[in-house]
Amino acid sequence: FQAEDGIRDHCVTGVQTCALPILIGIAQTVPFPGKKHFEARAADAEATAADWEYSQRERELIRDVKASFYRVLATEQKLAVSDQLVALSRSLADAERRRVAAGDAGDQELLRAEVEEERAGTERNTVAAALAEARQELAALLGVTALPALQGNLRESAELPAADLAQHPGVRAAAAQSERARLELNRALLDPFPDFTVSAAVGRDEATDESLVEFRVSVPLPLFDWGLGKRREARALAEARRYDAEAITQRLQRQHGTQLARCRAAQENVRAYRDRILPKAEKAAALVRTGFDAGKFGFLDLVDTQRTLTEARLAYWDKLLELNLALAELEALAGHTTESP
């Protein structure tokens with residue numbers, strides 16, 4: 001409703017009355033050309049950035065599930081090795097008890113055997129606790145309360161393809177955010193140009209019994225606010241987003257190089273344990289065990305060689321786990337699964 005300023009006086013029996021015409025109409029604000037265009041494109045860029053950020057979170061979740069799965073597999077193998085050591089230590093301790101009872105060995109050898117038996121048991125308990133923790137972590141990532149028995153193998157080697165980091169979701173999201181900031185800067189540059197309002201109204205002046213039609217165009221004058229602060233903020237944000245995109249690209253390149261080197265080193269370590277260290281440790285343990293049965297080696301020699309073999313087996317699974325964790329990181333960067341040669 002709109003009341004006109006014009007006032008008409010009517011005198012009736014000495015009393016002055018005032019009647020104001022009543023207008024009913026509509027008004028529409030029309031933005032300055034270009035403002036809505038940049039706002040719409042900035043919103044599209046924001047949606048694109050959100051899509052790429054979701055894709056990045058998805059990659060990270062897959063990486064975390066793979067890493068947790070590999071930890072469970074490796075820890076299960078380490079627990080099996082620990083169980084073997086416990087069984088061996090128990091059998092050696094029983095053998096020493098029989099030898100002491102027969103007078104063929106001294107108490108110091110029995111004590112050493114019992115110490116090794118207890119030591120193997122405590123180490124086995126530590127590995128079992130680590131396995132329970134790894135299974136709980138994997139169950140939490142999968143969103144289940146009870147984790148079933150797992151099946152799978154850790155990879156001993158894999159092809160290491162180069163990654164197209166330009167297509168990485170983090171890079172694409174940063175590029176979309178940079179584009180959004182640029183569009184918002186362009187929008188801020190139009191702030192000094194005011195929007196205008198178009199209105200139309202109809203009514204009737206009862207005093208003169210005339211119909212009224214009004215058209216109006218109004219433009220505010222930005223006498224005190226020219227949007228300088230918004231433009232400065234938008235310009236600074238656009239520069240920051242551009243530098244962020246460059247920084248993310250450089251960081252991913254460093255990570256990719258680091259993971260490639262880590263994978264190569266881990267593959268070499270796995271080959272060294274598999275092809276050289278473990279076979280030699282197993283051969284040495286077998287020779288000492290045969291010599292111990294023949295009376296050529298003492299109990300301490302047998303314990304030392306068995307301990308060396310166990311440590312080599314545990315280290316092998318640690319190296320294998322390190323390789324698979326590095327492959328999971330590399331696959332998250334590359335966006336696809338590496339394959340065994």
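1. Helices are DSSP runs of H or I with at least four residues, numbered from the N terminus. R187 is found in helix α3, which covers residues 169-189. This is a predicted model, in which local features need pLDDT of at least 70, side-chain atom pairs count only at pLDDT 80 or more, and totals for chains, interfaces and linings use all residues. Residues are numbered from 1 along each chain as its sequence is written, and side-chain values use heavy atoms, with hydrogens and water left out.

2. Is R187 buried or exposed? R187 has a relative accessible area of 18% and is buried (under 20%, with a 1.4 Å probe and protein chains only).

3. The side chains of R187 and D191 make a polar contact of 2.6 Å (a pair of N or O atoms within 3.5 Å, where one must be able to donate a hydrogen and the other to accept it). Leaving aside neighbours within four places in sequence, R187 is in contact with K35, F38 and E39 (heavy atoms within 4.5 Å).

4. Helix α5 spans residues 299-334 and has 36 residues. From first C-alpha to last, α5 reaches 52 Å, close to the 52 Å expected at 1.5 Å a residue (1.5 Å times one less than the number of residues). After α5 comes G335, whose phi is positive, near 85°.

5. In α5, 26 of the 36 residues are buried, so α5 is largely enclosed by the rest of the structure.

6. How do α4 and α5 pack? The axes of α4 (residues 228-293) and α5 come within 7 Å and cross at roughly 160° (lines fitted to C-alpha atoms over the stretch in contact, with angles from 0 to 180 degrees between N-to-C directions). The two helices α4 and α5 are therefore roughly antiparallel (over 145 degrees).

Definitions and conventions. Buried means under 20% relative accessible area, exposed over 50%, partly exposed in between (1.4 Å probe, protein chains only). Angles under 35 degrees count as roughly parallel, over 145 as roughly antiparallel, 65 to 115 as roughly perpendicular and the rest as oblique.
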